[in-house]
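Here is a friendly note to read with the model open beside you. Take the points one at a time, and find each place in the viewer before moving on.

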Amino acid sequence: MQYLRMTPELFIQYLFAGITYGIIYAIVAIGFNIIYNTTGIINFAQGEFVMLGGMTAITMTAFMPMPLAIAVAVLITMVIGALIEMVFIRWLESPSVLRMIIITIGISILAREAALHTWGESVRALPYFIGNEVTSVTILGAKISPQVLWVIGVCSLMVAGLSLFFKFTSLGREMRACAANRRAATLCGINAKNMVTLSFVLSAGIGAVAGCVMSPITYSDYEMGPNLAIKGFTVAILGGLGNSLAAVAAGLLLGIIEAFSVSVLPLAFQDAIATSILLLILFVRPHGLFGSSEAAGLKEF
Amino acid sequence: MKRVLSSVVTVVISFCLVAGFSPVSAAKAENIKVGAILAVTGGASFLGGPEARTLEMMVEAINAKGGINGNKIDLIIKDSGANPEKAISFTKQLIEEEKVFAIIGPSTSGETMKIKNIVEEAKMILLSCAAAEVIVNPVAKYVFKTPQKDSHAVQKIYGTMKDLGISKIAVLTGNTGFGNAGKGQLEKIAPEFGIDILASEVYDKKATDLSAVVAKLMANKDIQAVVNWSIVPAQGILAKNMRQAGWDVPLFQSHGFGNIKYVEVGGAAAEGIIFPAGRLLIANSLPEDNPQKQLLVRYLIDYETKYPEDKVSTFGGHAYDALTILVAAIEKVGLDKEKVRDAIENLQGVAGTAGVFNFSPQDHNGLDINSFEMLTVKDGKFAIYHK
């Protein structure tokens with residue numbers, strides 16, 4: 001059992017593996033949170049935004065340089081996000097939470113089938129942004145793919161950008177107002193329906209960006225969405241629904257626990273650990289690690 | 001109005017739900033009905049996709065020539081998505097409702113094992129396109145399979161390791177029927193070749209990153225090589241994670257690696273991977289006197305002409321062999337199920353894509369270890385492996 005001994009290099013190796021999983025979970029969770037905040041529902045098609053972003057970018061790289069392809073893919077996914085909201089959600093008069101959730105599950109299946117017919121069943125990947133499949137950089141003795149740094153960097157920037165957007169722009173503040181109290185916001189002259197559309201656009205956008213930066217590492221295929229959605233949902237619950245910074249903390253926590261669990265337990269237990277943590281949290285702190293029980297009590301769902 | 005619209009939406013969505021599970025049916029006619037249960041979508045789609053396309057291509061060609069002894073083939077392909085539960089219900093449907101003559105598939109070992117008893121009880125000829133040896137060992141009267149046995153693949157890999165002086169290895173397997181069966185064979189045969197398995201890990205078939213487990217294995221400096229046994233894209237992911245971590249021990253894969261798409265997604269990391277496979281992948285570099293060469297090159301050209309966006313793979317070849325064997329037997333004895341079964345069992349020297357088939361009542365696979373060639377990846381292409 002000599003290989004169980006933890007060297008500093010090994011520690012860093014696990015840590016980076018964990019941060020990579022974690023930040024991707026966090027981005028999906030933030031996507032859940034943005035839509036939850038403006039509508040009070042969980043959009044189960046969140047994982048499909050990630051898939052659409054990655055797959056569209058891969059198709060676009062055939063026609064244009066990669067940075068442009070990614071930008072176009074993110075824009076297309078944002079438009080799809082807006083269309084989904086307008087076609088399926090916008091015209092519903094005070095729909096029940098359950099109905100909206102079923103609609104999002106339907107959208108996720110629809111998106112998956114559409115992707116299957118568009119791109120077929122095979123796995124694809126964007127090329128590595130720097131270097132190729134075997135390039136690595138050495139950090140504190142551990143060897144890491146530069147793409148991991150891209151994932152961490154881009155996702156961190158997105159989180160920071162979103163926080164600033166919600167705090168300092170009037171649009172961001174209007175969205176938060178809708179989240180806090182929709183009726184009061186409407187009375188103040190905020191168009192709540194537009195805010196909902198905007199939340200879908202934002203969620204689709206960040207999902208698509210994550211889908212592009214992670215594609216070289218994890219590959220993209222038409223059915224990657226549900227798995228990501230489950231992990232993202234776990235993280236959103238873990239952090240406390242609606243709280244984006246908590247989602248980042250919870251995402252990193254889950255990712256790192258998953259990575260280090262491999263060092264002591266067989267790999268096969270990795271997903272069981274995520275589920276066990278989710279169950280534990282639901283029993284002990286149902287409003288999430290960082291959520292407040294009072295605030296949770298006021299929410300419909 | 002809104003109520004109407006919302007019910008329309010609901011109907012559309014439920015239609016899509018149903019459509020996801022609905023079969024892909026070929027034209028209907030009172031002909032020889034051949035059922036096929038293939039994983040056209042899902043994690044094993046690199047198997048089922050080419051298999052379905054190959055069967056469609058062959059049936060089209062056979063029917064264009066007037067069929068087998070004048071009887072046209074009516075092909076019914078069911079997409080199981082590599083899901084054993086779906087495979088079971090499709091099997092029952094094909095047997096009871098469609099009343100097919102024989103069934104080709106399933107694509108994966110897990111599914112095949114789940115339906116083995118069902119077809120045996122229904123006296124339905126099954127030509128499986130899956131690799132695990134347990135499918136034909138013990139022999140079931142009506143169950144045959146066309147891919148090479150996994151025990152032969154293991155022997156071939158261990159033989160190569162011996163040549164390279166490798167004796168301490170790590171084993172990684174996917175949690176599918178194929179992975180489990182391979183793990184069993186790897187562990188069973190290791191002592192015969194004096195090989196020690198120092199670590200064995202199982203990953204989820206949907207795994208998207210294996211860097212943590214690579215870190216764990218890499219820390220054990222005694223490991224001289226890694227064997228990975230799966231049919232999922234993780235084959236490429238493992239290669240990337242190993243090379244990125246700077247771990248350069250030889251990586252062996254199973255015969256599940258025989259689709260060039262795995263090489264494409266693995267990119268530079270796939271270089272140097274060693275794996276056993278049938279000769280289809282290197283058909284053009286075979287010597288002229290090889291008994292399979294003519295057939296392999298013809299299949300390769302036919303397939304890639306018909307499906308220019310796709311490259312030929314050993315998996316499509318397994319379906320090719322299955323239908324070739326069935327057709328050969330029907331040509332011999334006509335349309336009597338029992339007679340056709342007996343005829344398959346006695347087929348000798350039938351050249352297929354996987355090798356030359358010699359069936360017997362004890363051997364429902366019909367291939368020997370020489371049907372495997374050790375291959376490697378060189379400059380993004382498959383090539384014969386030389387030490």
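1. Let us start where the two chains meet. Between chain A and chain B, 14 residue pairs are in polar contact, counting pairs with both residues at pLDDT 80 or more. Please keep in mind as you read that this is a predicted model.

2. The largest share, 6 residues, comes from α4(A). Sorted by kind, the residues on this side of chain A divide into 24 nonpolar, 11 polar and 9 charged.

3. Now for the extent of the interface. On one side 44 residues of chain A take part, in contact with 48 residues of chain B. Together the two chains bury about 3800 Å², and carbon and sulfur atoms give 62% of that area.

4. How many salt bridges does the rule find across the interface of chain A and chain B? The count there is 0, although the structure holds 13 salt bridges over all chains. As background, side chains of opposite charge can pair when their charged atoms come close.

5. Here is a salt bridge to find within chain A. Glu48(A) pairs with Arg112(A), and their closest N and O atoms are 3.1 Å apart. This pair links distant parts of the chain: Glu48(A) sits in helix α2 (residues 46–60) of chain A and Arg112(A) in helix α4 of chain A, 64 residues apart.

6. Turn next to chain B and look for two paired strands. Do β7 (residues 168–174) and β8 (residues 196–203) of chain B run parallel or antiparallel? They run parallel, joined by 7 bridges. With helix α6 (residues 177–189) of chain B, β7(B) and β8(B) make a right-handed β-α-β unit.

7. The last points concern the backbone. Most residues other than glycine have a negative phi, and most peptide bonds are trans. Leu140(A) is not a glycine, yet has a positive phi of about 50 degrees. You will find Leu140(A) in the loop between β1 (137–139) and β2 of chain A.

8. Chain B has cis peptide bonds to look at too. The bond from Gly105(B) to Pro106(B) is cis, with omega near -5 degrees, and Pro106(B) is in the loop between β4 (102–104) and α4 (109–121) of chain B. The bond from Asn137(B) to Pro138(B) is also cis, with omega near 10 degrees. Pro138(B) belongs to the loop between β5 (125–128) and β6 (143–145) of chain B.

How values were computed: Residues are numbered from 1 along each chain as its sequence is written. Chains are lettered from A and ligands numbered from 1 in the order in which they are written. This is a predicted model: local features need pLDDT of at least 70, side-chain atom pairs count only at pLDDT 80 or more; totals for chains, interfaces and linings use all residues. Side-chain values use heavy atoms; hydrogens and water are left out. Two strands pair if DSSP finds at least two bridges between them. Helices (H or I, at least four residues) and strands (E, at least two) are DSSP runs, numbered from the N terminus. A crossover is right-handed if, with the strands pointing away from the viewer, the path from the first strand over the helix to the second runs clockwise. Contact means heavy atoms within 4.5 Å. Buried area is the accessible area (1.4 Å probe) that two parts lose on being put together, summed over both. A salt bridge is a side-chain nitrogen of Lys or Arg within 4 Å of a carboxyl oxygen of Asp or Glu. A polar contact is a pair of N or O atoms within 3.5 Å; within protein, one must be able to donate a hydrogen and the other to accept it, and residues adjacent in sequence count only if both atoms are side-chain atoms. Ala, Val, Leu, Ile, Met, Phe, Trp, Tyr, Cys and Pro count as nonpolar, Asp, Glu, Lys and Arg as charged, and the others, Gly among them, as polar.
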